[in-house]
Amino acid sequence: MASAPDETRTGMVVRAIRDRIDARTLTPGARLPSIRAMAETSGVARSTVVEAYDRLAAEGVIRSRPGSGFYVAAPLAPLALDRLVSTKEREVDPLWMLRQSLGERRHEMMPGCGWLPDDWLAGDALRKAMRRAARSDENGTLAGYASPLGSPPLRALLARRMADQGIEAGPDQILLTDSGTHALDLVCRFLLQPGDTVLVDDPCYFNFLALLRAHRATVVGVPMTPTGPDVTAFTEAAATHRPRFYLTNSGVHNPTGASLAAATAHRLLKIAEAHDMVVVEDDIFADFEHTPSPRLAAFDGLDRTIRIGSFSKSLSAAVRCGHIAARPDWIEGLADLRIATSMAGSPLAANLLHAVLTDGSYRRHVDGVRTRLARAMARVAKRLRAIGIEPWTDPAAGIFLWARLPDSVDAVELARKAINAGIVLAPGPVFSTSGGWRDHLRFNVAMSDDDRLYAFLESAVSRPLLEPAG
């Protein structure tokens with residue numbers, strides 16, 4: 001147990017207990033370790049623990065039960081997600097990373113963000129669809145509530161689009177949501193109880209970690225490979241932790257850009273079945289692929305797989321419309337949760353999305369984006385290699401390039417220095433449950449075409465940023 005500067009041993013024990021209460025590992029009514037046990041684990045004298053417990057009891061944080069021990073008495077403080085992870089490095093906190101990407105720094109260089117530049121998105125197509133919606137508001141799409149599952153025409157269209165990926169789902173198996181993140185939040189509400197275990201890839205999309213933290217899940221990482229999660233490690237984690245579900249991007253993986261191999265998909269589903277595990281497949285980057293790669297939902301037939309999608313990355317983040325595809329009985333329960341937590345979706349957003357998907361403009365837009373991304377991927381990979389930063393794999397599609405820094409260059413220190421230079425980078429540990437990948441960065445190739453970025457990186461590589469001691 002490390003102490004802060006000028007902190008007494010008693011203060012150290014008090015702080016440790018308060019931190020555990022703030023992190024909700026100790027909740028009201030929970031029994032504290034005995035004085036002897038706390039003294040041994042903290043490396044302090046028993047008298048120090050007695051003094052710390054007396055101080056906490058005097059403040060009403062804990063209370064003594066004669067003959068039984070000490071128990072947490074204070075009510076839970078409001079949930080503060082940034083206090084549930086103990087780290088001194090804000091650059092490895094998912095919420096800090098998202099605030100940098102979404103906040104007022106957006107005018108700066110953003111090679112670490114997770115979306116396309118505004119001028120790559122389908123603004124003209126959306127403006128056309130909005131004018132058309134305003135002129136023909138026959139069904140009250142600008143004012144009324146949507147039905148529980150959402151727009152029937154859009155759900156039917158999504159079902160046909162999924163069939164092109166080999167996923168058989170009728171309209172009654174699709175629930176519209178406000179976004180991909182909202183879809184995942186509903187799935188977490190549907191499947192999880194606090195303390196349940198969820199498997200994720202290591203590395204994985206950093207907002208997976210933040211959202212699972214909000215649901216007070218226990219998150220276990222499985223090492224990622226260029227063809228999917230390490231199957232041996234996945235098997236061991238499933239047997240040891242009995243997870244409720246496994247959460248992944250299998251089409252275009254975030255952050256690595258890897259694609260799931262068919263053989264790996266089959267093995268994962270067998271393991272999931274053996275351990276009665278649900279699979280949640282976030283597929284929001286599907287439309288960036290030229291040819292669909294294997295999907296767990298396609299092999300499984302939506303038996304134990306839940307598929308999540310949206311168009312925020314490919315069309316516009318302003319059109320908030322995601323979806324969930326799952327078994328009909330699960331969709332019914334998810335729809336009830338949707339009504340309980342947000343009433344209904346936006347008919348206007350669904351109307352706009354349906355219009356853009358059916359008038360040919362989206363297909364033309366996505367074709368153009370794929371071409372631009374392929375060129376950007378090749379160009380960024382070449383420029384990174386030229387200064388000694390090596391891509392982990394060569395992605396077949398998508399916007400992300402996961403790259404290894406030269407020896408002795410620390411990604412977190414580099415990201416910290418970059419902020420001061422007006423550059424938002426995405427260091428490897430922010431994507432990792434283990435804090436690993438400290439020598440990796442995620443690059444958004446659509447946001448990495450500025451000479452100033454490479455000048456900064458080359459300077460950092462030539463004068464290595466070492467990991468701080470301790």
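**Figure 1. Helix 7 passes helix 8 in a right-handed crossing.** In this predicted model, the axes of helix 7 (residues 180-191) and helix 8 (residues 206-214) come within 11 Å of each other and cross at roughly 40°. On the side of helix 7, the contact is formed by Thr 181, Leu 184, Asp 185 and Cys 188, which meet Asn 207, Phe 208, Leu 211 and Leu 212 in helix 8. Sorted by class, the residues of this contact comprise five nonpolar, two polar and one charged.

**Figure 2. Helix 1 packs against helix 3 at an angle of about 55°.** The axes of helix 1 (residues 9-22) and helix 3 (residues 46-58) lie 8 Å apart, and the angle makes helix 1 oblique to helix 3. The crossing of these two helices is right-handed. Helix 1 contributes Arg 9, Thr 10, Gly 11, Val 13, Val 14, Ile 17 and Arg 18, and these residues meet Thr 48, Glu 51, Ala 52, Tyr 53, Arg 55 and Leu 56 in helix 3. The residues of the contact divide into six nonpolar, three polar and four charged.

**Figure 3. The buried residues of helix 1 pack against helix 2, helix 3 and strand 2.** The buried set consists of Thr 10, Gly 11, Met 12, Val 13, Val 14, Ala 16, Ile 17 and Ile 21, and the elements against which these residues pack include helix 2 (35-42) and strand 2 (69-72). At 1.5 Å a residue, the 14 residues of helix 1 should span 20 Å, and the end C-alpha atoms of the helix are 20 Å apart, which agrees with that expectation.

**Figure 4. Ala 122 lies in the loop between helix 4 and helix 5.** When residues up to four places away in sequence are not counted, Ala 122 touches Leu 315 and His 365. Although Ala 122 and His 365 are separated by 243 residues in sequence, their C-alpha atoms are 6.5 Å apart in space.

**Figure 5. The protein chain as a whole comprises 16 helices and 14 strands.** Of the 470 residues of the chain, 54% count as buried. Among contacts with a separation of 6 or more, 73% are accounted for by residues 24 or more positions apart.

Terms used: Residues are numbered from 1 along each chain as its sequence is written. This is a predicted model: local features need pLDDT of at least 70, side-chain atom pairs count only at pLDDT 80 or more; totals for chains, interfaces and linings use all residues. Side-chain values use heavy atoms; hydrogens and water are left out. Axes are lines fitted to C-alpha atoms, for helices over the stretch in contact, and angles run from 0 to 180 degrees between N-to-C directions. Helices (H or I, at least four residues) and strands (E, at least two) are DSSP runs, numbered from the N terminus. Angles under 35 degrees count as roughly parallel, over 145 as roughly antiparallel, 65 to 115 as roughly perpendicular and the rest as oblique. A crossing is left-handed if the near helix is turned anticlockwise from the far one by less than a right angle, and right-handed if clockwise. Contact means heavy atoms within 4.5 Å. Ala, Val, Leu, Ile, Met, Phe, Trp, Tyr, Cys and Pro count as nonpolar, Asp, Glu, Lys and Arg as charged, and the others, Gly among them, as polar. The expected span of a helix is 1.5 Å times one less than its number of residues. Buried means under 20% relative accessible area, exposed over 50%, partly exposed in between (1.4 Å probe, protein chains only).
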